[in-house]
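Please look through the sequence and the model shown here before reading on.

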Amino acid sequence: MQSLLKARRSFCSLNHLRRSSTFILEDEKSETAIERSSTFIHPTAVVHPNAVIGEDGYIGPFCTVGAFAKLGNGCQLHPGSHIFGCTELGDRCVLMTGAIVGEDLPGRTVIGCNNKIGHHAVVGIRCQDMKYKPGDECFLDIGDNNDIREHSSIHRSSKSSDVTAISDNNLIMGSCHIAHDCKIGNNNIFANNTLLAGHVVVEDYVHTAGATAVHQFCHVGSFSFVAAGSMVSQDVPKYMMVAGERPELRGLNLEGLRRNGFTVEEDPDQWLEICLQEGIHAY
């Protein structure tokens, strides 16, 4: 998982350079990026002349786009949404009304393509870690095709040597929180009010039910399921289902495995071996 995240961060850096290069102007002295863009900008929007705006987008009434922002092609900012700081949006991203992305801090927020950020969600702002030192660089990298619903919050890293990272195809439902330095994989579903403390690692195809909380530094394995109202304070093994106020192991996440292509014909002895390797005795 860590090697994948490192590869992902390298890829994000390359993607950052690639996407940035598409905005280079032939003659920066004669025209601003805004003047060259075919994006519609409402007269009441406040868009800094140094902001880089892609083609065929829409910036609605009372929006704000800061000086260091870069927007890809086809981005839509609904009324009252705002982009601050060194923030980059890939192509076809959508900010719903009241969404705030980025903050005027050292570091950056990089968001890939086809992401939707819901009403009044706050993404890429300063973390709540008391160890954070003002002036330190902090980072957030988000991949492609993520749906971040209303009133969710996602914070940047707590230090320059780390990054909050979210990969691709995740559904983050309303009022969820992803704290500093978390590492989120692909194809996860976080139901409403899922709260992830700092440094949590969530692998792939994880499903959390509503009002789930995960303690800092915990690791949630792929294809696992966490039942509603759980306070997870230990690692959750791959393929498993845990439930309870202080969660206990309830067995294999059979429904989740079935939905993701696993069959009932799987060798039971193989599953038992996997369970032992994953340390199911932790619960």
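Leaving aside residues up to four places away in sequence, Leu89 touches Lys70, Leu71, Gly72, Cys75, Ile83, Leu95, Val101, Ile111 and Gly112, where contact means heavy atoms within 4.5 Å. This is a predicted model, in which local features need pLDDT of at least 70 and side-chain atom pairs count only at pLDDT 80 or more, while totals for chains, interfaces and linings use all residues. Residues are numbered from 1 along each chain as its sequence is written, and side-chain values use heavy atoms, with hydrogens and water left out.

Leu89 also belongs to the largest nonpolar core, which has 43 residues, and is listed with Ile59, Val65, Leu71, Ile117, Ile178 and Leu196 as having the most contacts inside it. Such a core is a set of buried Ala, Val, Leu, Ile, Met, Phe, Trp, Tyr and Cys residues joined through side-chain atoms within 4.5 Å; buried means under 20% relative accessible area, exposed over 50%, and partly exposed in between, with a 1.4 Å probe and protein chains only.

An open sheet of nine strands with parallel pairing has the order S3-S6-S9-S12-S15-S18-S21-S24-S27. Strands S3 (52-53) and S27 (219-220) stand at its edges with a single partner strand each, so one side of each is left without a neighbour in the sheet. Strands here are DSSP runs of E, at least two residues long, numbered from the N terminus, and two of them pair if DSSP finds at least two bridges between them.

Within this sheet, strand S12 (residues 107-111) is joined to strand S15 (residues 138-142) by five bridges, and the two run parallel. Ile111, one of the residues that Leu89 touches, stands opposite Ile142 in S15, while the bridge partner of Val110 in S15 is Asp141. Three bridges join S15 to strand S18 (residues 164-166), again in parallel, with Leu140 opposite Thr164. In a regular strand the side chains alternate between the two faces of the sheet. In S15, Cys138, Leu140 and Ile142 point one way and Phe139 and Asp141 the other way. Because five of the five residues of S15 are buried, the strand is largely enclosed by the rest of the structure.

A search of the whole structure finds two cavities of 30 Å³ or more, a cavity being a set of points on a 1 Å grid over the protein atoms alone where a 1.4 Å probe fits but cannot get out.

Which backbone angles deserve a look in the loops? Most residues other than glycine have a negative phi. His120, however, has a positive phi of about 60 degrees; His120 lies in the loop between strand S13 (116-117) and strand S14 (122-125) and counts as partly exposed at 43% relative accessibility. His199, in the loop between strand S23 (195-196) and strand S24 (201-202), also has a positive phi, near 65 degrees, but counts as buried at 17% relative accessibility.

A further loop, between strand S25 (207-208) and strand S26 (213-214), holds Ala211, which is partly exposed with a relative accessible area of 49%. Its C-alpha atom is separated by 4.7 Å from that of Asn193, 18 residues apart along the chain.

Technical notes. Helices (H or I, at least four residues) and strands (E, at least two) are DSSP runs, numbered from the N terminus. On a 1 Å grid over the protein atoms alone, a cavity is a set of points where a 1.4 Å probe fits but cannot get out, and a pocket is an open set with protein on both sides within 12 Å along at least five of seven lines; lining residues have an atom within 4 Å of a point. Grid points are joined across faces, edges and corners, and a volume is the space filled by probe spheres set on the points.
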